[in-house]
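Have the sequence and the 3D view open as you read.

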Amino acid sequence: MSKPVVLIAEELSPATVDALGPDFDVRNVDGTDRAALLSALADADAILIRSATQVDAEAIAAAKKLKVVARAGVGLDNVDVKAATTAGVMVVNAPTSNIISAAELTIGHILSLARHIPAGHVSLSAGEWKRSAYTGTELYEKTVGIIGLGRIGALITARLQAFGMEVIAYDPYITAARAQQLGVQTVSLDDLLERSDFVTIHMPRTPETLGMISTEQLQKMKKTAYVVNVARGGLIDEAALHDALVAGEIAGAALDVFVQEPPKESPLLGLPNLIVTPHLGASTDDAQEKAGISVAKSVRLALAGELVPDAVNVAGGVIDPYVRPGIPLVEKLGQLFSGLAHGALTSLDVEVRGELVDYDVSVLKLAALKGVFTNVVSESVSYVNAPLLAEQRGVQVRLITESDSPEYRNVITLRGALADGTQVSVSGTLTGPKQSEKLVGIDGYDLEVPIAKHHIVMTYADRPGIVAIYGQEFGEAGINIAGMQIARREAGGTALSVLTVDSPVPTEVLERVREAIDAQVFVEIDITE
């Protein structure tokens, strides 16, 4: 019997091929040569790539035998995950391969800022000897503020504590127990900015975090403080940073990532108090080798039909067809849940009711965790690392099944307790022959809203005229309301309104509407596909 064909489309370390072993027919192709790639895919069972090869819908359609796409790295911008899932092709990556490299680069930037290493090198290389011009500062007994205390944040914490630094952190999704375990004091973002001598940011790039460090935040920092971004371009507002550096509002900054890469003609480049590197977070031989070995092992598992630790989709897994449509629904419920949660999660129940309980629904617990963490951690979230993320944050997770479902054939509820003692719940179901995804409950309020890309959820005192107020405000701002449902338990009590809008809403408009209706809860939730 012929061996499965594994196609290597880009240069990978010899250790990658060694990790595949002798059980495969390993072939090589230039992934940037489109015609050659499509031809080679015709009988490939797996393909290993890095960032240059585009595995899009056309490539997947050409690969009739393809079972797994393996990206030797973290990002998946060059893989059409949706098309792969539709075709039943598993997609895997190496989400932890670069975390040490990224953490170490962050430390390098902090040391370079503290001791003016790059500027001193340039000066001396030019024949100058200006020791007094580059007087620096020690890290010892200084305060570093870490925004985002995920795996990279935790690695940085340990390394900077070894320098004798005080570590404080802002992460609304970390529990007190996890922070205590790391020896870190959690504080508000404003407190962190005001107290820190160094600030380093490690958050995912989402609509909520884009530009989260801007003029207002930079003005809260000490004039002697430094800020570092090795995470995602755009987390720091580049225009605001430029103005702060030029005005001397902060001492300096270091960037490895940019909104546009390369940052052509950026006014930031050339500033004497800014250190820049060309997105080197994962650029070490060690990280590249780890990535290659990791995905090679994943390919072996996938082609053997076994559980794959770093699968980013679940196509190809042993999941009953009756359960499979519920997976994207539950992921979206998880994102809705995290959008409504205003603090650290301590426990989460995934409750499945109806006919689904006759099947193995354990994957729905994984889907819920993946959805909950997708927009709140800096790491790539998969069905296997999601439980680890929950464990690291001290979140207790239960899967509860109950056959009784009086209103729907099946209904799935995510119910969680937050650190402040409050609870949040969201419920969803699939309806009709097209299995349309519906949101059918929030915190005990009954409703039935098709799940879309942009939602606004608000609660307020039930009284006449409220719909007219926010309808007018959104209309004047050019925001189209595509759908709306209001739920309440009693007249004159608290009403819950869920709006579906066609586009994201500017922050100033949201704040204006919130104040106009005196909302108790007012959140915009963007669903990531």
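D25, R27 and D43 are linked in a network of salt bridges, a salt bridge being a side-chain nitrogen of Lys or Arg within 4 Å of a carboxyl oxygen of Asp or Glu. Keep in mind that this is a predicted model, where local features need pLDDT of at least 70, side-chain atom pairs count only at pLDDT 80 or more, and totals for chains, interfaces and linings use all residues. Residues are numbered from 1 along each chain as its sequence is written, and side-chain values use heavy atoms, with hydrogens and water left out.

**Salt bridges**

- By the 4 Å rule, the count comes to 23 salt bridges.
- One of them joins the side chains of R34 and D56, at 2.6 Å from N to O. That pair links distant parts of the chain, 22 residues apart: R34 is in helix 2 (residues 34-40), and D56 is in the loop between strand 3 (46-49) and helix 3 (57-62). Helices (H or I, at least four residues) and strands (E, at least two) are DSSP runs here, numbered from the N terminus.
- R34 also forms a salt bridge with E58, with the closest N and O atoms 2.8 Å apart. E58 lies in helix 3 and R34 in helix 2, so this pair ties together parts that are 24 residues apart in sequence.
- How accessible are the residues around R34? R34 itself is partly exposed at 26% relative accessible area, D56 is partly exposed at 27%, and E58 is partly exposed at 47%. The cut-offs are under 20% relative accessible area for buried, over 50% for exposed and in between for partly exposed (1.4 Å probe, protein chains only).
- D45 and K67 form another salt bridge, their closest N and O atoms being 2.8 Å apart. D45 sits in the loop between helix 2 and strand 3, while K67 is in the loop between helix 3 and strand 4 (68-71), 22 residues apart.
- Is D45 buried or exposed? D45 counts as buried at 7% relative accessibility, whereas K67 counts as partly exposed at 40%.

**Aromatic rings**

- There are 2 aromatic pairs, going by rings of Phe, Tyr and Trp (its six-membered ring) with centres within 6.5 Å; planes under 30 degrees apart count as stacked, over 60 as edge-to-face and the rest as tilted.
- F198 and Y226 have ring centres 5.3 Å apart and planes at 15°, so the pair is stacked. F198 is in strand 9 (residues 198-201) and Y226 in strand 10 (residues 226-229), 28 residues apart.
- F198 counts as buried at 2% relative accessibility, and Y226 is buried with a relative accessible area of 10%.
- Y322 and Y359 have ring centres 5.0 Å apart and planes at 35°, so this pair is tilted. Y322 lies in the loop between helix 12 (285-303) and helix 13 (326-340), and Y359 in the loop between strand 13 (345-354) and helix 14 (362-374), so the pair ties together parts that are 37 residues apart in sequence.
- Y322 counts as partly exposed at 29% relative accessibility, and Y359 counts as partly exposed at 33%.
- The charged end of R489 sits over the ring of Y445, 3.9 Å from its centre. For that label, NZ of Lys or CZ of Arg has to be within 6 Å of the ring centre and within 35 degrees of the ring normal.

**Cavity**

- What counts as a cavity or a pocket? On a 1 Å grid over the protein atoms alone, a cavity is a set of points where a 1.4 Å probe fits but cannot get out, and a pocket is an open set with protein on both sides within 12 Å along at least five of seven lines; lining residues have an atom within 4 Å of a point. Grid points are joined across faces, edges and corners, and a volume is the space filled by probe spheres set on the points.
- The count comes to 1 cavity of 30 Å³ or more, and the largest cavity holds about 60 Å³ of space.
- Its lining is made up of Y173, F337, S338, A341, L345, V372, F373, V376 and R393. Helix 13 and helix 14 are the elements that give two or more residues to the lining of the largest cavity.
- By class, that lining has 7 nonpolar, 1 polar and 1 charged residues. Ala, Val, Leu, Ile, Met, Phe, Trp, Tyr, Cys and Pro count as nonpolar, Asp, Glu, Lys and Arg as charged, and the others, Gly among them, as polar.

**Second largest pocket**

- The second largest pocket has a volume of about 1,500 Å³. Of the 46 residues that line it, E208, G339, F522, V523 and E524 are the closest to its centre.
- Strand 22 (521-526) is among the elements that each supply at least two residues of this lining, and strand 22 gives the most, with 6 residues.
- The lining of this pocket has 24 nonpolar, 15 polar and 7 charged residues.
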